[in-house]
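User: I'd like to learn how to read strands, helices and aromatic rings in a model. Could you take me through one?

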Amino acid sequence: MIKEKTNSALTFEDFKIEVLKDYTTAIISRECSLLGRKEVLTGKAKFGIFGDGKEVPQLAMAKAFKNGDFRSGYYRDQTFMMAIGELTIQQFFAGLYGHTDIKHDPMSAGRQMGGHFATHSLNEDGSWKDLTKQKNSSSDISPTAGQMPRLLGLAQASKIYRQVSGIPNAANFSNEGNEIAWGTIGNASTSEGLFFETINAAGVLQVPMVMSVWDDEYGISVHARHQTTKENISEILKGYQKEADTNGYEIFRVKGWDYADLITTYEKAATVARENHVPVLIHVNELTQPQGHSSSGSHERYKNADRLAWEREFDCIRQMKLWMIAINIASPEEIDAIDAQAKKEVLEGKKAAWTAFLEPIIEDQKELIVLLQKIATTSAHQESILKYVAELSGIKTPLKKEILVAARKVLRLILNESGKNELSQWITNYTNKEQINFSSNLFSETKENIFSSKMALPTYADDAKEDTDGRMILRDNFDAIFTKYPETLIFGEDAGAIGDVNQGLEGMQEKYGELRVADVGIREATILGQGIGLALRGLRPIAEIQYLDYLLYAIQIMSDDLATLRYRTVGKQKAPLIIRTRGHRLEGIWHSGSPMGMIINAVRGIHVLVPRNMTQAAGFYNSLLECDEPALVIECLNGYRLKEKMPLNYGEFKTPIGVIETLKHGNDITLVSYGSTLRLVQQAAIELQEVGIDCEVIDLQSLLPFDINKDIIKSIAKTNRLLVIDEDVPGGASAYIMQQILEEQNAYEHLDSKPQTLTAKAHRPAYGTDGDYFSKPSAEDIYEKVYDMMHEVNPLKFPSLY
């Protein structure tokens, strides 16, 4: 099959060279898996999860993969990465060892375990590379099916680039929309909801996506009969088959050990997806997993003798060998020679990776040993120090941790001795040198980070009055944004035809088209995934989640994928996605929750902005579009009809990120809050003023980052009292706010009273106006809480209310 197809373009000799090259890649990958497992079992590496058994189909996928294409896969795809030239033997082992040098482990510099792959989309300064001139892989994550939502966005980007004109620098990101997004997943993980949500969405959107399911019949130890109806994912997805005048998929099945048929199948799939923007599902079955799921167990425990015998017989590399011999590509002796050479190269690559990983650590070990021996000569604790030296010297393959532990324990012994300062400085220098290898790039460190956007106030007409609905300010600002930035697009439930549930996008779809202002189905996780994938390809998406409570459907994608993206690639990929939602103080359990503590602690790596009105919110969108970082903007749900002044400079005014605003100055107590609750705080402050309590009211504006100028402590230094008012549950966001104020700003130094919080009740809010009143802080609650704190200070002036 492949021979006939290839012979029209290649001589048999050329064809032979190509096949032997593929086989060599496959056998090198297999040897990496085999030797990699040994490295784990001997203790050199922590854990291993390998791609053995999946080599041959990945060769076929690599052949159809072109420059500009993107992969969104999982941790078995090492052969594919080798075949496209983005993973060497030495890099494979560097990742296994956790080498913290990006030059040695370009996938994540040791931040992810081996098998998690990525290419570099960014230059050293954080600017975009020309993605059309390279083969691209979005950065893998471990959560099963977690790669699926972003795959949808990566594919949709091709559709946007093909059909939307005027996008700046489009040629750096797309060749007229001809790129495919290639997904890979294990058959067991197709049981995840994220898989089905993505499959459905791609079928609706009709985007160029080729989804490969590697089917070896097991998910860890659990057989497919416990995973999938009919034990066959392509069988149960037959309803997605594209027919005349319908959307849907092309669906192919192919045996994972049939090299020739695999190449033909992938060529067909690529043509359909690339030319017609039709998604394709390739169910690659009859695969094996020769070493079992991972280095933590043995598959002999759960596979019977017949299955193990079948796996030996139908191992894809064995079958490829037999096919090569049958059609005279190579003799058994020639294949044996290739195998022997592969073993040698893998062993050499492994040794080189281990040497490169270990040598710098040994140098640090030696340096510390010399220092400790020197300190011991004059120390009263010489015997104890030399014991630590002997223990450290005896470690042939030291960890950085073991070096630092020894140094820190010796430091405790010599606090009053002459060597203390030198050792203390060594520890500080070593920690600083190494900590950056584990902690950099949580947020952007480029000149386009959030701090590069400078505040620009809204301007108003001289006779401006507070007579404009807040939603109109958002609408007109979005209008300015879509004109100013052709690369922006927004999508969400009800975002298109009706202009969102609160009319903040009224008329935008009619003006800018259905691709830039789009309705989507009820599928929050893949709404987020669309945004991530689009942003990875140079667009500026705004993904809208209708209500804050619905964000919980997408929190895993936000937390595991978006929030960690820049960190896990050490700044080599970015997805400056803006997530728009609305929340705070509506009615009922499912529409008025404010799970801010959960959100801010799950999404470190994403900025969380909590504007109190729509002018602030609009200013945040304007600021974020000048930056290269992801953010969540939570608009006040009860603020769309509240009146504000109409700005004159839409698209230009900017709310500073991480900067508080003092809404009322006062001397007696500092009240800190955010969002809709601030209006209640302001009302209470007015009423408290009437009885002689002068409150200072502070709007946080953003929770991540938090008060970057440390202005709250300046207020507390004046008032000496603090109350944090929050509509989250007790110990939710209020605990985070208090920690930031007391620990990061050391505000405890200025407090004359116990710092306190006033939060919602522990349960979700009950329905209706009364439900809100009895569930979340009211103006009366705030008044009485402040009054009670002042009663403690001066009981004569402020007698007890109760």
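Analyst: Gladly! Two strands pair if DSSP finds at least two bridges between them. Helices (H or I, at least four residues) and strands (E, at least two) are DSSP runs, numbered from the N terminus. This is a predicted model, where local features need pLDDT of at least 70, side-chain atom pairs count only at pLDDT 80 or more, and totals for chains, interfaces and linings use all residues. Residues are numbered from 1 along each chain as its sequence is written, and side-chain values use heavy atoms, with hydrogens and water left out.

User: Which residue is the bridge partner of Arg71 in S3?

Analyst: Trp182 is that partner. Strand S1 (residues 70–72) and strand S3 (residues 181–186) run parallel, joined by three bridges.

User: What is the strand order of the open sheet?

Analyst: Six strands line up as S2-S1-S3-S4-S8-S7, with parallel pairing. Strand S2 (136–137) and strand S7 (250–255) each have a single partner strand, so one side of each lacks a neighbour in the sheet.

User: Which helix touches S1, S3 and strand S4?

Analyst: For contact, look for heavy atoms within 4.5 Å. Axes are lines fitted to C-alpha atoms, for helices over the stretch in contact, and angles run from 0 to 180 degrees between N-to-C directions. Helix H6 (residues 148–163) packs on the sheet, touching S1, S3 and strand S4 (209–214), and its direction makes about 165° with that of S3. Helix H7 (residues 193–205) also packs on the sheet, where it touches S3, S4 and strand S8 (280–285), at about 150° to the direction of S4.

User: How do I read a pair of aromatic rings?

Analyst: A ring pair is described by the distance of the centres and the angle of the planes. Rings of Phe, Tyr and Trp (its six-membered ring) pair if their centres lie within 6.5 Å; planes under 30 degrees apart count as stacked, over 60 as edge-to-face and the rest as tilted. By this rule the count is 29 aromatic pairs. Phe65 and Trp182 have ring centres 6.1 Å apart and planes at 45°, so this pair is tilted. The pair links distant parts of the chain, 117 residues apart: Phe65 is in the loop between H3 and S1, and Trp182 is in strand S3.

User: Are Phe65 and Trp182 buried or exposed?

Analyst: Buried means under 20% relative accessible area, exposed over 50%, partly exposed in between (1.4 Å probe, protein chains only). Phe65 is buried at 2%, and Trp182 is buried at 0%.
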